Amino acid sequence: METGDAIARKAFEKAATIMVVLDADGVIQRINDRGCQVLGYDRSALLGADWFETVVPAGSDVDLDALLGAVQGNESVDIHENTVRTDDGEIRCIKWHVTGLRDDAGNVTELLVSGSDITEREETERRLRRYEQTVESSTNQLAVVDREYTYELANRNYRRFHGLGEEIPAELTIADVYGTETFEAIKPAVDRALAGESLAYETTRPGPDGDDRTFDVRYFPLVADDDTVEGAVAALREVTEQRARERERRETRDTFEGLFHGINDAVFVHDFDGQFLAVNETARERLGYDEGELLGMTPWDIDASEHADSIDERIETILEEGELTFEAVHITKAGEQIPVEITSSLVTYFGEEAILSVARDITDRKERERQLEREVDRLAEFAGVISHDLRNPLNVAQSRLTLAAEECDEDHEHLKPIDRALGRMEAIIEDTLTLARQGETVGETEPVHVADVVGQCWGAVATGEATLEIVDEFAIWADRDRLQHVFENLFRNTIEHAGNQATIRIGRLEGGFYIEDDGQGIDPADRERVFEPGYTTQERGTGFGLTIVRQIAEAHGWTVTATDAETGGTRFEFIGVNIVE
C-alpha cells in the first residue's frame, strides 16, 4: 500500500493544472509535467531557477514579496490572474492559487502554487468584448430577434432611434417597437431570415423628429453551432443624405443635359488632344453628323484648313489663360462652310480637365459686315463726290464773291448775306464729309486716357474764355481718333449754346462717363431731337455735330443721352463704356 506522501507526490505530478513549489526565495523546488508542458521548459532547466526571473514577464505587478505578504496574513491563499513567459517567448495568461506551507513555528517556508491556463478563455473574452464594442458603437442600427420576434440584442443607434433607453426591456418584441401595422409589413422579411435566407431592400421610416429617413435594410439568419437558425439579425444603414445627394446629382445632370442640348449654339467638350468627349444636339444638327461620328472626331476634322493650322496654338492659349474667344469656319458633312465665333474655356468634365467650346453661327453677322463694308465704300465714294463736285463750285462762288467785293462797295447789302450763306454751305459740306467718313464702325480700340484726349481737343477748338474741369482721371477702351471727334463736337456745341464763358466738366459714371456745362440746358422735349441730322437752334449751326457724336458712340457700342446737369445746364452721359480699371 502506498503511503500518504507517495500518493501526494503522484497527485502532484499527474495533476491537470500547473503545480509548482517555490522556496521562500522564489526558487523552483518542484514542478509537475503540466507545468513543464505549459511553460515549454525541460524540468531540469526549471528546477533550481528563480521563478520570477525565469517565467514572470518584466513589468509584472506580482513579485515574491507580494505573494509572501498575501499568504502570511489571515488569508492563507492568494488567488490572482497573471501572465507567464514560455521558453519560446509566448505570453500566456494563468489563474493562480498560492498557498503557504509553514513550519512548526507557523512561518511560511515554501509556496505551493497551482495554476490553470486561461489564455484561450481570455482571448475569447477579449474578442467578445471587441465584438460587443464594435456592435455597440456601429453607425448602423443593429438588432437580433429570436424566433418569437423578441429582441435579444439592439445596439446604441437602434435603441436611440426607437427611444429604448440604455438597455432593452425584457420580452420586448418587434410589434412593441414598430406597432402592429408596421410589424405585419416587415414580418415576411424577418420570417425569410428565420428560414435561413439573407435579403436586402430599401425602405423609408419616420425618424424621432418625425422626418422620413431612408434605410438600406439587410436581414440574415443567426445560425447556432449545430447549424440551426436561432434568430434573425437586422442591419439598417441610413442612406437619407446619400439618396438626397443622388437626387441632387440627377437633377443637376438633367438640368445640365437640358441646357447642354437645348442651347441654340453648338457645344463641344474635348480633351487637350482635341478628342471630342461630348457634343450637343445643335452641333450634330448643324454639322450633319450623328453623335457617334462626332465623338470619333476632333476640331481638325471640322475646321476649315486655314483655321485648323492654329488649333494647337489656341489650345495652348486656353491652357495658359483659361479661356479664349476667336473666329473660325466649320465644315459640315455636306461640305458647307459656316462661319462661327467660338468661346472656349477650361472645365472639369467627370473629374478630368477638359475644354468646353461654344460655337455661335455668325453667318448673318458676317453678311451684315460685308454689307456694311459695301455701304462704307459707297459713303467713301459719296464723300469723294461731295469733296470734288460740291467743293469746287463753292470755291468758285467764294472767289467770285471776293472779286465782287473789290469791284463793289464792300458794305453792299447783298455781300455779307452771300458770305454767310457760302460759309454755312462749307460747314455743312465739312460735317457731311465727317459723317460719311466716320461710317458706323470704329478702328482698333486701345486704352485711352480721357484727360489726354480732352486736352488735345480743347486746344483745337475755339473755346474763348470757357473753363474746363477734369473731375475724374480715368481711361477707356476706344478708337482714339473717333473719340477726339466726340469731344471736339461736344465742345463746339457747348460754346455755341452755353457761351464762351461756360464751365465744362468731365467725370466718370458707373459704366461710363459724362460731359456737362452750366449753360441754359436743353428743353426736355428736344433732348432726343438734338441728335437728329440737321437739327439746330443756332443760325450758323449745321445740325450734324451731335449726330456725329451719337454715331461714333454707337459704333463703340455705347449709348449717349442728353439730360440735366446738376448746375442746370446740359449733361451728356455715355453708358456701356469699357472702363480700364
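## Aromatic pairs

In this predicted model, a search of the whole structure finds 15 aromatic pairs. One of them joins Tyr201 and Tyr219, whose ring centres are 6.3 Å apart and whose planes meet at 25°, so the pair is stacked. Tyr201 belongs to strand 8 (residues 199-206) and Tyr219 to strand 9 (residues 212-223), so the pair ties together parts that are 18 residues apart in sequence. Tyr201 is partly exposed, with a relative accessible area of 26%, whereas Tyr219 is buried at 7%.

Phe513 and Trp558 form an edge-to-face pair, with 6.0 Å from centre to centre and 90° between the planes. Phe513 lies in strand 20 (residues 512-517), and Trp558 lies in the loop between helix 20 and strand 21 (559-564), so this pair ties together parts 45 residues apart in sequence. Phe513 is buried, with a relative accessible area of 0%. Trp558 is also buried, with a value of 4%.

## The aromatic cluster

Phe513 and Trp558 are members of a cluster linked by ring pairs.

## Helix 18 against helix 19

Helix 18 (residues 450-460) packs against helix 19 at an angle of about 55°, with the axes 9 Å apart. The two helices are therefore oblique to each other, and helix 18 passes helix 19 in a right-handed crossing.

## Helix 19 against helix 20

Helix 19 (residues 480-498) also packs with helix 20 (residues 545-555), at an angle of about 150° and with the axes 9 Å apart. An angle over 145 degrees counts as roughly antiparallel, and helix 19 and helix 20 are therefore roughly antiparallel to each other. Their crossing is left-handed.

The helix 19 side of the contact consists of Arg482, His485, Val486, Asn489, Leu490 and Asn493. Gly545, Leu546, Ile548, Val549 and Ile552 make the contact from helix 20. By class, the contact has six nonpolar, four polar and one charged residues.

Note on methods: Residues numbered from 1 in each chain as written. Predicted model: local features only at pLDDT ≥ 70, side-chain atom pairs only at ≥ 80, totals over all residues. Heavy atoms only, no water. Axes fitted to C-alpha atoms, helices over the stretch in contact; angles between N-to-C directions. Helix = DSSP H or I, 4+ residues; strand = E, 2+ residues; numbered from the N terminus. Parallel < 35°, antiparallel > 145°, perpendicular 65-115°, else oblique. Left-handed = near helix turned anticlockwise from the far one by under 90°. Contact = heavy atoms within 4.5 Å. Nonpolar A, V, L, I, M, F, W, Y, C, P; charged D, E, K, R; others polar. Phe/Tyr/Trp six-rings, centres within 6.5 Å; stacked < 30°, edge-to-face > 60°. Buried < 20%, exposed > 50% of the residue type's maximum accessible area, 1.4 Å probe, protein only.
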